[in-house]
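I opened the model to look up its salt bridges, its helices and its core. My entries follow in the order I made them.

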Amino acid sequence: MEEYFISGVHNYCDRWCERCPFTARCRVYADEQELSEEAKDPQDPAFWQNIRKSFEGVLDMLHKMMEEMGIDPAEVEKMPTPEPDPDLKALEKMTREKTMRYADAVDQFFQQDKAFFEQKSDELADQIEEGKPVDLESWQFFQDAVEVIRWYQYFISAKIHRAVTGLEDEEEDRIQNDSNGSAKIAMISVERSLGAWEVLRRQLPEKDKEILELQRQLQHLRAEINRLFPHWAQFHRPGFDDEPGSTVRLDFNPN
Ligand code: SF4
C-alpha cells in the first residue's frame, strides 16, 4: 500500500481534497480519513492532541535527518538567528497587503451582494416550483465558480507569502525549490479564480464593473508572480505534473 502513495503529492496541491483526483494516492488524505470526528474538531481536545502528535512526529523526523547529515541539532539551536533581509521584508509586506486586499474585496463582494444572490436563488427555486424551464447546468456551473473563488481567496495570499519568504534561501536548486513550488500553486489558484470570475461576469452583467476590478487585481498578482518567480512553470509538482490528463476537473479549473 505504502508504495502506491505518491511521495510529496500533498506538498504543492491546493488542499481541496473534495475535488482532488489523487485522494487514493495521498498519504495526508489517508491519514486524515483515519481521524475520528472529534480529532477533526478544533473545539475538541482530541484535535489539539492530534496536532501535538503530528508536531512531535515532524520534530523526530527532522532530528533524524540532521543526524544523517552529520549535524548536531543542539548546536543548531545555539546558532544566532540571521538578520532578516530588509528588502525581502518589504517585499513580504507588499505582497501580503496586495493579496489580502484581494481577499477582503472578495468578502466585500459577496457580503454586499448577499441579498442579490439570495434573490437569484429564490427566483430559481420559484421557477423550479412553477415547473418553468430552468438551465440547471448553468446554475450549477455558476455555483461551482463561486466555490472556486471562495476556496482560493485566502489560499493565494498564504502561498504567495510562502513563496516570497523562501526567496531568502539562496542555496536551493534554481528550479525545484519551495519558492517555485509555492509560486506555481499560487499561480494555478490565481488563474482558476480569474476563470471563475469570468463565469460570474457572464451570468451577472449588472456586476460587470465590480468583477472587472477583482479580475484586474488578480491579473496584477499574476504579473507579480511571473516577475518574482520566473521559473515557477518549470517546477515539477509530484503527481499533478506526471499525470495531467487525469486531473482536469472543471474547464475553468484545470490542474
Ligand atoms: S494531494 Fe489531493 S488529497 Fe492530498 S492533501 Fe492535496 S488535495 Fe488533498
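**Entry 1: a pair in α7.** I began with Glu198 and Arg202, whose side chains meet in a salt bridge at 4.0 Å, N to O. I counted a salt bridge where a side-chain nitrogen of Lys or Arg is within 4 Å of a carboxyl oxygen of Asp or Glu. Glu198 and Arg202 are separated by about one helical turn because they are four residues apart in helix α7. Arg202 is exposed, at 64% relative accessibility. For these labels, buried means under 20% relative accessible area, exposed over 50%, and partly exposed in between (1.4 Å probe, protein chains only).

**Entry 2: basis.** I note that this is a predicted model, in which local features need pLDDT of at least 70 and side-chain atom pairs count only at pLDDT 80 or more, while totals for chains, interfaces and linings use all residues. Residues are numbered from 1 along each chain as its sequence is written, and side-chain values use heavy atoms, with hydrogens and water left out.

**Entry 3: overall content.** I looked up the secondary structure of the protein chain and found eight helices and zero strands. From the N terminus on, the elements run α-α-α-α-α-α-α-α. Helices (H or I, at least four residues) and strands (E, at least two) are DSSP runs, numbered from the N terminus. Of the 255 residues of the chain, 37% count as buried.

**Entry 4: α8.** I checked the span of α8: its 21 residues reach 30 Å from first C-alpha to last, close to the 30 Å expected at 1.5 Å a residue. The expected span is 1.5 Å times one less than the number of residues. The buried residues of α8 include Gln215, Gln217, Glu224 and Ile225. Tyr102 lies in helix α4 and is buried, at 1% relative accessibility.

Entry 5: I then noted a network in which salt bridges that share partners join Glu198, Arg201, Arg202 and Asp208.

Entry 6: My search of the whole structure gave 17 salt bridges. One of them joins the side chains of Lys184 and Asp241, at 2.9 Å, N to O. This pair links distant parts of the chain, with Lys184 in helix α7 and Asp241 in the segment after α8, 57 residues apart. Lys184 is buried, with a relative accessible area of 8%. Asp241 is partly exposed, at 28%.

**Entry 7: α5.** Helix α5 (residues 114–129) has 16 residues and reaches 22 Å from its first C-alpha to its last, close to the 22 Å expected. Gly131 follows α5 and has a positive phi, near 75 degrees.

**Entry 8: core.** I looked up the largest nonpolar core, which has 43 residues; Phe110, Trp197, Leu200 and Ile225 have the most contacts inside it. The elements that give two or more residues to this core are α4 (86–112), α5, α6 (136–165), α7 (178–203) and α8 (208–228). The largest share, twelve residues, comes from α6. A nonpolar core here is a set of buried Ala, Val, Leu, Ile, Met, Phe, Trp, Tyr and Cys residues joined through side-chain atoms within 4.5 Å.
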